[in-house]
Amino acid sequence: NSDHEIYSLIYEDVILEFDELKEKYGYVSFDDLLTLMLKVLHEEGRSDICDFEEILVDEYQDTNPLQGKILDAFRPKSLFCVGDYDQSIYAFNGADISIISSFTKNYQGANVFTLTKNYRSTRPILELANKVIQHNVRVYEKSLEVVRKEGFFLPKLLVFDELFGQYDYIAQNIKKSNTPHNDIAIIFRNNSTADGIEATLREYGIPAKRKGGNSFFDAKEVKVVLDVIFLLVNPNDMMAFIHTLEYGKGIGKTISKEMFEALIKLGHGDVHQGLLHPDYEIKNPFNVEQVRNVQLGLFDDFFELGSVSRFKDLSFEEAFLSNPILKHPKLTADGATYIYSFYKLLKELKRIKLPNSMVEHIQKSEFFGYIKENLSKKRATLKDGKVDESMQFESKQRIDRKVTLLRNLSGHYSNVQKFINSMVLGGNEMSQGDGVNLLSVHASKGLEFTEVYVIDLADGRFPNRKLMSKGGSLDEERRLFYVAVTRAKDILYLSYAKYDKIKKQDYVPSIFLKEAGLIKS
């Protein structure tokens with residue numbers, strides 16, 4: 001990257017110093033285990049550590065060039081590698097498929113044994129997988145044979161007009177299915193896809209476990225919206241209050257906690273009262289000494305009430321400007337402005353009954369604007385401290401999409417308490433123990449399930465054109481599809497939607513559905 005070139009000499013110095021320190025104290029990083037090993041293997045007269053009769057390598061298709069060099073340097077008398085060319089899906093992590101494809105060239109006289117019997121899937125599922133993978137360049141001829149004689153459920157294509165129609169149908173189908181939840185998997189290419197299906201399963205009360213990405217309900221932007229609504233029902237929940245206030249510039253957890261305790265005091269046990277209608281007779285609501293200790297050192301922490309007059313130019317309404325919490329000495333103008341935006345939002349939300357309307361008000365509020373700015377900036381800050389503007393713009397769009405998804409979900413509830421119970425309290429129980437498996441294709445590798453849904457098979461989403469343009473390939477995407485469908489033992493559903501109402505985007509079916517013969521091109 002040209003922006004970094006000017007720093008390259010500094011980076012080199014840092015790396016050298018880091019390497020010297022590791023050597024001095026006898027430490028190695030994970031990468032050192034490989035690079036140092038290779039160095040040792042290339043040293044003269046070190047045949048003592050190469051004296052292996054047999055080396056076994058599993059998942060050989062995922063070997064990277066450094067691992068390949070180490071294998072060669074070991075010069076084993078016998079090398080036994082197990083791998084499937086069609087399941088090489090880690091190119092983004094450095095795996096080099098040419099290592100497995102040139103095995104017989106690199107090791108003259110090597111024997112290749114092809115395992116063609118498949119004991120997992122039924123004939124229709126394997127036929128579909130074979131049909132699609134044949135479109136990749138074949139290095140090793142392989143056609144899987146079916147061992148299982150039973151099971152004739154044909155893979156089924158589900159086509160929907162809109163994205164959420166797809167998620168809704170799948171959730172209902174799972175609700176009716178006789179397959180135990182643990183033995184059902186929903187496999188997706190992109191993490192954003194999983195948010196919609198995870199939220200819809202939650203709405204139907206279907207427990208789900210998500211691997212290969214963070215839960216939709218763990219996203220900070222979703223949590224903070226739910227925390228604000230949670231505070232309407234339970235105003236004195238300290239953690240929800242801290243999580244809401246800590247996004248303010250210069251506030252953080254400690255000041256949030258002090259504010260919470262002060263508001264409890266000002267509201268005689270009710271945080272909302274303390275914020276909206278404080279007891280002005282309480283001049284100092286903070287549990288700290290008002291008198292400055294003369295023996296304090298220069299940097300020791302002391303607490304002295306600040307003057308509210310420092311905020312008089314910020315056009316706060318009088319009722320807020322006279323609130324004693326503004327006397328907190330460490331409260332900056334930015335922090336006070338953030339709390340004021342929360343104060344205004346709370347006054348609005350008090351008049352609203354429907355969860356859907358609440359989420360909408362929060363999303364459009366000045367308060368949420370600050371949070372969106374805070375989160376997107378953090379997520380777009382590069383290692384050198386600069387903020388990548390296009391990354392920040394994309395991040396803001398993703399935050400909006402997640403909150404819009406929560407808003408769609410809230411439309412199914414007329415009662416705030418029920419909505420909160422379902423979203424917050426149901427969340428932890430539903431992501432533990434038994435449940436439908438929500439998996440990225442990479443996380444599904446090596447697993448098997450009775451019933452599998454491979455979703456969002458729309459061009460651009462799967463294959464993922466964005467990742468292809470960043471160095472991926474259609475062949476790699478096709479191998480990902482092959483891995484996804486071969487997770488299914490008995491029942492396989494493939495689905496896509498023609499339109500996404502949140503992104504306002506039309507979609508055409510994935511090329512893989514055409515190759516599978518499920519859609520006429």
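Biologist: Where is the place of Asp456 in the chain, and what value does its phi take?

Modeller: Asp456 is found in the loop between strand S9 and helix H21, where helices are DSSP runs of H or I with at least four residues, strands are E runs with at least two, and both are numbered from the N terminus. Most residues other than glycine have a negative phi, and most peptide bonds are trans. Asp456, which is not a glycine, has a positive phi near 55°. This is a predicted model, in which local features need pLDDT of at least 70 and side-chain atom pairs count only at pLDDT 80 or more, whereas totals for chains, interfaces and linings use all residues. Residues are numbered from 1 along each chain as its sequence is written, and side-chain values use heavy atoms, with hydrogens and water left out.

Biologist: Is Asp456 buried or exposed?

Modeller: Asp456 counts as buried because its relative accessibility is 3%; buried means under 20% relative accessible area, exposed over 50%, and partly exposed in between, with a 1.4 Å probe and protein chains only. Glu59 belongs to the loop between strand S1 (54–57) and helix H4 (65–74), and with a relative accessible area of 39% Glu59 is partly exposed.

Biologist: Which peptide bond is cis?

Modeller: The bond from Phe462 to Pro463 is cis, with omega near 10°, and Pro463 lies in the loop between S9 (449–454) and H21 (465–469).

Biologist: How many cavities of 30 Å³ or more does the structure hold, and which residues line the second largest cavity?

Modeller: On a 1 Å grid over the protein atoms alone, a cavity is a set of points where a 1.4 Å probe fits but cannot get out, a pocket is an open set with protein on both sides within 12 Å along at least five of seven lines, and lining residues have an atom within 4 Å of a point. Points are joined across faces, edges and corners, and a volume is the space filled by probe spheres set on them. The structure holds 2 cavities of 30 Å³ or more, and the second largest cavity contains about 30 Å³ of space. Its lining is made by Leu231, Phe241, Val271, His272, Leu275, Phe342 and Leu346. Helix H13 (271–276) and helix H15 (333–349) each supply at least two residues of this lining, and H13 gives the most, with 3.

Biologist: Which residues have the most contacts inside the largest nonpolar core?

Modeller: A nonpolar core is a set of buried Ala, Val, Leu, Ile, Met, Phe, Trp, Tyr and Cys residues joined through side-chain atoms within 4.5 Å. The largest one has 86 residues, and those with the most contacts inside it are Ile186 and Leu201. Leu201 touches Ala171, Ile174, Ile186, Ile206, Ala208, Val436 and Leu438, again not counting residues up to four places away in sequence. Apart from this core lies another, of 34 residues, including Leu126, Val146, Phe481 and Leu494.

Biologist: How many residues of helix H7 are buried, and what do they pack against?

Modeller: Helix H7 (residues 123–133) is mostly covered, with 8 of its 11 residues buried. These are Pro124, Ile125, Leu126, Leu128, Ala129, Asn130, Val132 and Ile133, and they pack against S3, strand S4 (145–146), helix H22 (474–485), strand S10 (488–497) and helix H23 (511–515).

Biologist: How much space lies in the second largest pocket?

Modeller: The second largest pocket holds about 1200 Å³ of space. Of its 39 lining residues, Val82, Gly83, Asp84, Phe113 and Leu115 are the closest to its centre. Strand S2 (78–81) and strand S3 (117–118) each supply at least two residues of the lining, with S2 giving the most, 4 residues.

Biologist: What does the secondary structure of the chain come to?

Modeller: The chain has 23 helices and 12 strands, and 45% of its 521 residues count as buried. Along its principal axes the C-alpha trace spans about 90 × 65 × 40 Å. Of the contacts with a separation of 6 or more, 71% come from residues 24 or more positions apart.

Technical notes
Contact means heavy atoms within 4.5 Å.
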